[in-house]
Amino acid sequence: MDRKPDAAPSAFVSLEALLAGVASADVPEPGGGCGTSSAGGKASCGSSAGQGDMPDEVWNKVKNHPCYSEEAHHHFARMHVAVAPACNIQCNYCNRKYDCANESRPGVVSERLTPEQAAKKVVAVAATIPQMTVLGVAGPGDPLANPKKTFKTFELVAETAPDIKLCLSTNGLALPDHVDAIAAMNVDHVTITINAIDPDVGAKIYPWIFWDHRRIIGREASEILIRRQLEGLEMLTARGILAKINSVMIPGINDEHLIEVNKAVKARGAFLHNIMPLISEAEHGTVFGLAGQRGPTARELKALQDACAGGANMMRHCRQCRADAVGLLGEDRSDEFTTEKIMEMDVSYDLSARQAYQALVEKKREEAAVAKADAMAALPDADISILVAVATKGGGLVNEHFGHASEFQIYEVSSDGALFVGHRRVDHYCQGGFGEDSDLGDIVRAINDCVAVLVSNIGHCPKEGLAAAGIEPVADYALELIVPSAIDYYGKYVAAVRAGIRIHDTRGDASIRQGAFVQG
Ligand code: CLF
Ligand code: SF4
């Protein structure tokens, strides 16, 4: 039965209001200046905590899923297989030459596989990367516009690698038709991209859909899409399947509206809401890219995520990964597993080795929980909130050299503790062993809202450049756990402010990189 989607937003909150009280959004030029002050909002990332009051049944589904648990993403990997090329809608931020931008960055092209090739790839990756716990189908088109290929892949993987969790990401148009098949295949995690619950907003994002054997345009297209998305979400919830909602934040089009989306999806049982920045470049050839539609700045994104606190839990650690991504969320090892390479591999599925690794991770997580509790006990009670950037290559440790970091994780630290609030992709400072001034400028822009960067090591030149930009490079926590380190740093920061050695003031904004991802 068709139902009307939610009415237009009842409580419109302007982006200006979200950002009220926060300093100017200027992003510095390379080598940039030192702003001042912290962005105030409190983070709320329900997925970041441990089990808390989560029922065992739900906890067991999320604890090793790198997307559904922020904490798990330090330890566990996912892989995608690009078996679903077709799509049944058009999004204005998508160019079909590339992967589905609902779960990937535009400008990335993944290698298409047959279900049989995909199943072999899963075994090859599982044999090489014991951290890999989740298989996702997320494109390059829409998995449910290609149901035969998607479900055949799941069927083959469930036969050979039954411990791997199955996950899919869809635009939701075809979802109600496939929820029973999804449940029958034990797919525990489904992502729906919902960018609007108001068809007038949706009409600015979706020019057409293909549904019921015909192409439908304009407001009617959005009306149908939204209705089907919300219906699919309710059906998933009724079957106990965890639903995550992805939304692309498009400034001036759906930014404030996403607060209403957050409420609507929470009311229908969504487990997690992932608000991602629009990535839009003219070179991607998308409608938005060609029209000059900009993406949000780091502060705009965080302000919106903070404004949604109290609604559906926020996911803030999404890497908008490609449709054939392999590895921890902050890394991409897809080059090691090309079709040519996997077809030559002679691999077998070793469940015991995977279980041994996972038991080890469990032990480390328990140790980390104890260390975090100890650190929390020493937190000063202060009305100060700061952002710190961290260079890490996984394991929840400060274990990456500044010059080798391809991303920095961002933690907001206050008297409430240290919360992961995002990540910033950068190109390595050390290119071929040499640091370049221009690279430091890019990095400064990416972490300009942070007071410090915690690294395992750092060279003399970038140290000086960061200090000149007002970002303190800190190598005192090398190989230590991130959260206790960030809390310890916060204690010292507050002590320095109280002693009058340091002035706590508002820092500037930071930029979210729009270009292609350079891994390595
Ligand atoms: Fe893949 Fe998506 Fe499953 Fe994760 S990704 S299908 S839920 S296993 Fe994760 Fe990648 Fe973000 Fe997606 S980081 S783009 S949210
Ligand atoms: Fe592109 Fe994905 Fe939108 Fe389809 S659903 S148009 S593949 S972004």
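**Note on a predicted model: salt bridges, sheet and ligand shell**

1. R219 and D200 form a salt bridge, with their closest N and O atoms 2.8 Å apart. The pair ties together distant parts of the chain: R219 sits in helix α7 (residues 218-238), while D200 sits in helix α6 (residues 199-202). The two residues are 19 residues apart. Keep in mind that this is a predicted model.

2. How exposed are these two partners? R219 is partly exposed, at a relative accessible area of 38%. D200 also counts as partly exposed, with 41% relative accessibility. Both values fall between the cut-offs, because buried means under 20% and exposed means over 50%.

3. Now look within a helix. R365 makes a salt bridge with E362, and the closest N and O atoms are 3.9 Å apart. Both residues belong to helix α12 (residues 351-377). They are 3 residues apart, which is about one turn of the helix.

4. Is R365 buried or exposed? R365 is buried, with a relative accessible area of 7%.

5. Helix α15 (residues 482-498) holds another pair, D488 and K492. Their closest N and O atoms are 3.2 Å apart, and they form a salt bridge. The spacing is 4 residues, again about one turn of the helix. D488 is partly exposed, with a relative accessible area of 34%. K492 counts as partly exposed too, at 49% relative accessibility.

6. Some salt bridges share partners. Such bridges join K302, D306, R316 and E412 into one network. How many salt bridges are there in the whole structure? The search finds 23.

7. Turn to the sheet. It is open and has 8 strands, in the order β10-β9-β8-β5-β4-β3-β1-β11. The pairing is mixed. In general, strands of a sheet pair through backbone hydrogen bonds, either parallel or antiparallel.

8. Which strands stand at the edges? They are β10 (313-315) and β11 (326-327). Each has a single partner strand, so one side of each is left without a neighbour in the sheet.

9. Here is one pairing in detail. Strand β1 (residues 77-80) runs parallel to strand β3 (residues 132-137), and 4 bridges connect them. R78 has V134 in β3 as its bridge partner.

10. Follow the chain on from β3. G139 lies in the loop between β3 and α4 (147-160). At 0% relative accessibility, G139 counts as buried. That class follows because buried means under 20%.

11. What does G139 touch, leaving aside its neighbours within four places in sequence? Its contacts are V81, A82, V83, A84 and A323. D99 is 40 residues from G139 along the chain, yet their C-alpha atoms are separated by 6.3 Å.

12. Finally, the ligand shell. There are 13 residues around ligand 2. Which of them come nearest? They are C87, C91, C94, C100 and N102. By class, the shell has 8 nonpolar, 4 polar and 1 charged residues.

Methods
Residues numbered from 1 in each chain as written. Chains lettered and ligands numbered in written order. Predicted model: local features only at pLDDT ≥ 70, side-chain atom pairs only at ≥ 80, totals over all residues. Heavy atoms only, no water. Near = heavy atom within 4 Å. Nonpolar A, V, L, I, M, F, W, Y, C, P; charged D, E, K, R; others polar. Salt bridge = Lys/Arg side-chain N within 4 Å of Asp/Glu carboxyl O. Buried < 20%, exposed > 50% of the residue type's maximum accessible area, 1.4 Å probe, protein only. Pairing = 2+ DSSP bridges. Contact = heavy atoms within 4.5 Å.
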